[in-house]
Amino acid sequence: MTDSNSEIQHEGLGHVVPVSTLLAVFAALIVLTYITVFVSTLDVGRWSLWVALAVATAKGSLVVLYFMHLRYDSPFNAFIFATALVFLGLFLGIVLLDSIEYQPDIEMFLRNQG
Amino acid sequence: MTAVDLSHDHGGEGHAPWLAHHFDTPQQQYASAKLGTWVFLLTEVLFFGGLFCAYAVYRHNHPEVFFDGHHFLSTPLGATNTVVLLFSSLTMAWGVRCAQLDQQRGLVTCLCLTLTAAAVFLGIKYIEYSQKWSHHMVPGQARIMAALGIESEHATDHVPGQPAPRGFRPYKEHLMEVLRHSDQERGVVIVSEKAYEAQLEKRIQNLGVFFGIYFSLTGLHAIHVICGMIAIGWLLRRALAGHFSSAYFNAVDCVGLYWHLVDLIWIYLFPLLYLIH
């Protein structure tokens with residue numbers, strides 16, 4: 001398998017992530033996976049969901065910033081991804097607010113039924 | 001057109017074969033491909049968002065159902081799959097690096113490793129799914145089995161001459177045992193055995209919600225893994241044919257972005273489904 005285009009000079013397409021960075025990110029991801037499993041065995045009460053989500057977000061950020069090159073990429077691509085997250089947040093937030101708002105009514109209805 | 005190889009000219013148009021006619025420079029083609037991929041990933045985030053929303057609403061309103069449900073998922077298997085998928089993300093990112101540096105053998109090796117890790121992930125998923133299937137924990141399983149003509153030894157599923165029942169109809173004995181064990185570990189005091197059994201029956205019926213969400217989320221994710229494997233297989237074929245170089249590796253980069261998103265979704269699915277406390 002020879003590379004027919006190897007004589008072309010570097011166009012500098014994209015940022016080349018050093019192997020050391022890739023391995024460091026992978027090691028951090030494994031450590032964070034261990035932490036999230038370990039924390040789930042502890043009794044931290046209602047914080048467990050938020051700890052799990054915080055660790056997942058830390059892992060996700062590493063993947064997005066380094067494996068997906070977003071840290072070195074065009075800011076417009078980061079803007080698109082941020083847009084996705086903003087709309088996801090709006091979607092989840094408004095639906096949850098609505099659901100919480102009507103929960104007492106549903107409970108009262110069920111009580112009256114029973 | 002600056003530094004492109006004119007020896008690969010086709011049709012006398014003066015550019016390399018991998019540069020599409022409607023782009024002026026490789027840089028423009030590369031930036032456009034990445035922009036398009038990120039817009040696609042945006043739709044993917046919102047696609048999964050619907051199911052994450054169902055998860056959020058049901059978990060907020062019925063946390064006890066999710067706590068009961070997570071006892072039926074194996075944390076060691078889920079954690080192993082997380083590590084497998086993180087490893088596949090590493091090899092995919094490394095593969096992009098190899099393509100950027102004209103390392104043809106490195107690229108092929110990385111793609112093979114990524115493909116292998118994806119297959120291992122699906123293998124472990126298959127083990128998990130088949131355990132659920134054997135306990136009839138797939139919502140609507142009785143109807144699926146009836147449609148496929150699979151004989152069931154579960155008496156309540158098979159009344160000859162009658163349509164298969166709808167909904168969540170697992171093997172109650174197995175589920176009761178698991179829930180009872182979990183309650184014992186938490187030191188739940190049972191006052192009346194009869195009332196407790198009635199409560200267990202109700203809790204088992206509610207687990208249908210958890211497993212509906214579990215199979216939708218992990219199933220949609222598994223479909224994405226399969227699509228990713230097809231795309232990586234296609235990259236592997238092109239890499240073996242020597243299509244990629246430091247001047248052109250758009251396909252490797254874009255499939256890589258998709259693959260990392262699949263990993264990103266799993267990073268959230270693992271704690272949300274397996275690690276409920």
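**A tour of two interfaces**

Begin by selecting domain 1 and domain 2 of chain A, between which about 340 Å² is buried, 64% of it from carbon and sulfur atoms (buried area being the accessible area, with a 1.4 Å probe, that two parts lose on being put together, summed over both). Within domain 1 of chain A, pick V64(A), L70(A) and D73(A), which lose the most area to domain 2 of chain A and together make up 97% of what that side buries.

The model is predicted, so local features need pLDDT of at least 70 and side-chain atom pairs count only at pLDDT 80 or more, whereas totals for chains, interfaces and linings use all residues. Residues are numbered from 1 along each chain as its sequence is written, chains are lettered from A and ligands numbered from 1 in the order in which they are written, and side-chain values use heavy atoms, with hydrogens and water left out.

Colour residues 17-73 of chain A as domain 1 and 74-114 as domain 2, bounds that come from an automatic or database domain assignment; their centres, taken over C-alpha atoms, are 25 Å apart.

Next, show chain B against chain A, where the contact (heavy atoms within 4.5 Å) takes 64 residues from chain B and 58 residues from chain A. Chain B and chain A bury about 5400 Å² between them, 73% of it on carbon and sulfur atoms.

Finally, zoom in on D73(A) and K34(B), whose side chains meet in a salt bridge at 3.6 Å, N to O (a side-chain nitrogen of Lys or Arg within 4 Å of a carboxyl oxygen of Asp or Glu); the rule finds 1 salt bridge across this interface of chain B and chain A.
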